[in-house]
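Please look over the sequence and the structure shown here before reading the report that follows.

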Amino acid sequence: MVRVQGTTTPGRPLHLWAIGTFGGLWNAMGVVSFMLTQMRVEAVMSRFPPQQRAYFESFPLWVVAFWALGVFGGVVGCLLLLLKNRLAFHLLLASAIGTLVFNLGGLFLLGGMEVMRETGGLGFTVFPIIFAAILAYYAWAMSKKGVLSQE
């Protein structure tokens with residue numbers, strides 16, 4: 001606890017640094033993946049099996065928008081988490097929703113289940129949803145404990 005002019009605010013716990021940093025790096029990798037895929041960088045796209053590449057290249061705008069919300073919201077949310085800003089929860093919640101809609105929408109509405117199952121990439125759609133939900137929950141819990149402020 002830090003005491004400033006008669007007020008008491010919780011310090012920055014070590015786990016906040018660990019989770020905020022790891023979450024930020026994870027989402028930064030998502031941003032890189034998003035950018036390289038959207039720019040259709042051949043060195044990256046050529047590594048996907050043909051049906052997976054076609055699937056990624058067929059995403060409609062709404063899927064791309066939710067993907068961007070998921071990864072960019074995650075990066076900014078984790079940065080705000082490290083800054084102990086209570087808006088981290090809101091951005092990480094938006095990121096979790098974006099990740100959920102992007103992944104499940106792609107799997108169930110765009111035929112991604114069959115493509116990802118055939119190419120062994122199904123785990124790559126489930127783990128980001130779980131991780132994004134954990135980050136949002138963590139930010140909510142830190143906000144309830146008073147670790148995150150209005151700054």
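Are F34 and W67 buried or exposed? Both F34 and W67 are buried, where buried means under 20% relative accessible area, exposed over 50% and partly exposed in between, with a 1.4 Å probe and protein chains only.

## Basis and confidence

This is a predicted model, in which local features need pLDDT of at least 70 and side-chain atom pairs count only at pLDDT 80 or more, while totals for chains, interfaces and linings use all residues. Residues are numbered from 1 along each chain as its sequence is written, and side-chain values use heavy atoms, with hydrogens and water left out.

The mean pLDDT (the predictor's confidence in each residue, from 0 to 100) is 88 for the protein, and 89% of its residues reach 70 or more.

## Aromatic pairs

A search of the whole structure finds 15 aromatic pairs; rings of Phe, Tyr and Trp (its six-membered ring) pair if their centres lie within 6.5 Å, and planes under 30 degrees apart count as stacked, over 60 as edge-to-face and the rest as tilted. The rings of W26 and F127 have centres 5.2 Å apart and planes at 80°, so this pair is edge-to-face. Because W26 lies in helix α1 (residues 14-38) and F127 in helix α7 (residues 123-144), the pair ties together parts that are 101 residues apart in sequence. W26 is partly exposed at 27% relative accessibility, and F127 is also partly exposed, at 40%.

F34 and W67 form another edge-to-face pair, 5.1 Å centre to centre with 90° between the planes. This pair links distant parts of the chain, with F34 in helix α1 and W67 in helix α4 (residues 61-82), 33 residues apart. Ring pairs also link F34 and W67 into a cluster with F48, Y55, F56, F59, F72 and F102.

T99 has its place in helix α5 (residues 87-109) and is buried, with a relative accessible area of 9%. Leaving aside residues up to four places away in sequence, T99 touches F66, G70, P128, I129 and A132, a contact being heavy atoms within 4.5 Å.

The buried residues of α7 include P128, I129 and A132. Helix α7 has 22 residues and reaches 32 Å from its first C-alpha to its last, close to the 32 Å expected at 1.5 Å a residue, the expected span being 1.5 Å times one less than the number of residues. Just after α7, G146 takes a positive phi of about 85°.

Conventions: Helix = DSSP H or I, 4+ residues; strand = E, 2+ residues; numbered from the N terminus.
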